[in-house]
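Please look over the structure shown here with its sequence alongside. The briefing that follows takes up helix packing, nonpolar cores and a strand with its partners.

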Amino acid sequence: MIGVLVVSHSRKAAEGIGDIAREMGGDARIEAVGGDPDGGIGTSVDDIRDALSRLADGTDGVVVLADLGSAVMNAEIAVEAADEDVECVVVDAPILEGALNAAVAASSPNASLETVERAAAEAAEHATGT
Amino acid sequence: MASRETEREAILEAVDRIAARIESEKQHLADLDSAIGDADHGANLDRGFQAVVEKIEQKDDAETQELVKTAGMALISKVGGASGPLYGGSCMHASQELEDGITAETTVAFAEAYLEKLRDRGGAEVGDKTMVDALTPAVHTYKKSIEVDELPPLEALAKAVDAAERGVEFTVPLKAAKGRASYLGWRSVGHQDPGATSTLLILEELLATAQVYLDGNVDVTAASPTIPDEDVENQGE
C-alpha cells in the first residue's frame, strides 16, 4: 500500500483537501498536516516528519503533495530526514487535484510508488483543463 | 581560531547577538514582508533563533561543527516558513566544512557551501529579489578578500557585510521572481526584500562577534557569551 500526505500552509486547508481525497480514494492511507509550529499559517517540519513516520508504518512508500514554496521545501527536508526504511517522494503537482489523483491511484490493488507519483503529477493537466 | 572552548564561546555570542538583533528588528522585518509577502518573516525568524540559542546552550560538550549543525536543525524545526529550510538547511549542510573548526579557510568553504545549498534548495538566482541577492556578493567578496587579496578574516568579513548591504539596496527596484512576493508581480517593485535584509542583519552580527574575537585587543578567554542588556536595547535604532 502507498500512503498519501497532504501538506498545506493551513491546517484547515490540509484537512479539507484530505477529506476530498478520502471521498474519492476509498481505503487509501491519507494524512494531512498544516500550520507552523505555533499553529499559524506555515508548515512544521516536525509535524511533517511525524505524519511520514505514521504513514511509513504499514505502507511501501509515501507520496507527498505540498502547496506553496516553503511547504514544498519543508516537505523535502522532512523526506530527506525520514527513516530510510520507507521511500517518500514530494510531487510537483497542484495540491488538491494531485492529492485526489494520488488517492484514487493509491486505492488500486496494483498501486506502486511510481504509479501513484505519476497519477499525482498528471493532475497538473486536469487542473488547467488541458 | 584557538581552542574548542573559545570557538564555543564565539558561537554562543554570535547566536545571542543574532537572536537579540532579530528580536529587536522583528517589526521592521514584518513591515518589509507585509509590503510584498505574508508579514511573518520577523516572527518566524525570531521563533527560530530563540530556539537556536536554547539548543546551543544545552550543548556544552559539542564540537564546533556539531554546534553549527544543531543551530541549523533548530531553525528547520521552528521557523515554519521558507527561511527555515533555506537558512537552517543551508547551515546544516555547510556545517560539514567546519570539521577542523573556525579558520579563514574553513569559513570560506562554509560560506560557499551555504550559498550553493541555498541556491539549490530555493532555486533563486541573483536578481530574483531574494536573500540570494545579499548573500551572493557577500560570499564572493569574502572568498576573494581571503584568497586573492589575502586580507585578515576580520577585514574580509567587513567587506562582505558592505557587499551584502549593497545587495539589499539592489533588491529595491527588482520585480520578485521567487517566493510569495512573485505573486505580486510588478507590485513588488520599490520594496526592499525582507529575506535579503535578515541575511544582512545576521552578517552584521557575525561581524560584531568577529570584532570581539579577532581584533587582538580582547582576551578571548575572558569574553562573555552574553551581550549586555544596553547593547540589545540600542540595536535597531
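At what angle do the axes of helix α7 and helix α9 of chain B cross, and within what distance do they come? In this predicted model, the axes of α7 (residues 132-147) and α9 (residues 194-214) of chain B cross at roughly 40 degrees and come within 7 Å.

**Helix packing in chain B**

- On the α7(B) side, the contact is made by Ala134(B), Leu135(B) and Ala138(B), while α9(B) contributes Ala196(B), Thr199(B) and Leu203(B).
- Sorted by class, the residues in the contact of α7(B) with α9(B) comprise five that are nonpolar and one that is polar, with no charged residues.

**Nonpolar cores**

- As background, nonpolar side chains in soluble globular proteins tend to be buried together.
- The largest nonpolar core contains 56 residues, and within this core Phe49(B) and Val52(B) are the residues with the most contacts.
- Leaving aside residues up to four places away in sequence, Val52(B) touches Val15(B), Ala71(B), Ala74(B) and Leu75(B).

- Strand β1 (residues 2-8) of chain A is largely enclosed by the rest of the structure, because seven of its seven residues are buried.
- Ile2(A), Val4(A), Val6(A) and Ser8(A) point one way from β1(A), whereas Gly3(A), Leu5(A) and Val7(A) point the other way, and the residues on both sides are all buried.
- β1(A) runs parallel to strand β3 (residues 61-66) of chain A and is joined to β3(A) by six bridges, with Val4(A) standing opposite Val63(A).
- β1(A) also runs parallel to strand β2 (residues 29-34) of chain A, again with six bridges joining the two strands.
- Within this pairing, Val6(A) stands opposite Ala32(A) of β2(A), and Leu5(A) has Glu31(A) of β2(A) as its bridge partner.
- Between β1(A) and β2(A) the chain passes through helix α1 (residues 11-25) of chain A, forming a β-α-β crossover that is right-handed.

Note on methods
Residues are numbered from 1 along each chain as its sequence is written. Chains are lettered from A and ligands numbered from 1 in the order in which they are written. This is a predicted model: local features need pLDDT of at least 70, side-chain atom pairs count only at pLDDT 80 or more; totals for chains, interfaces and linings use all residues. Side-chain values use heavy atoms; hydrogens and water are left out. Axes are lines fitted to C-alpha atoms, for helices over the stretch in contact, and angles run from 0 to 180 degrees between N-to-C directions. Helices (H or I, at least four residues) and strands (E, at least two) are DSSP runs, numbered from the N terminus. Contact means heavy atoms within 4.5 Å. Ala, Val, Leu, Ile, Met, Phe, Trp, Tyr, Cys and Pro count as nonpolar, Asp, Glu, Lys and Arg as charged, and the others, Gly among them, as polar. A nonpolar core is a set of buried Ala, Val, Leu, Ile, Met, Phe, Trp, Tyr and Cys residues joined through side-chain atoms within 4.5 Å. Buried means under 20% relative accessible area, exposed over 50%, partly exposed in between (1.4 Å probe, protein chains only). Two strands pair if DSSP finds at least two bridges between them. A crossover is right-handed if, with the strands pointing away from the viewer, the path from the first strand over the helix to the second runs clockwise.
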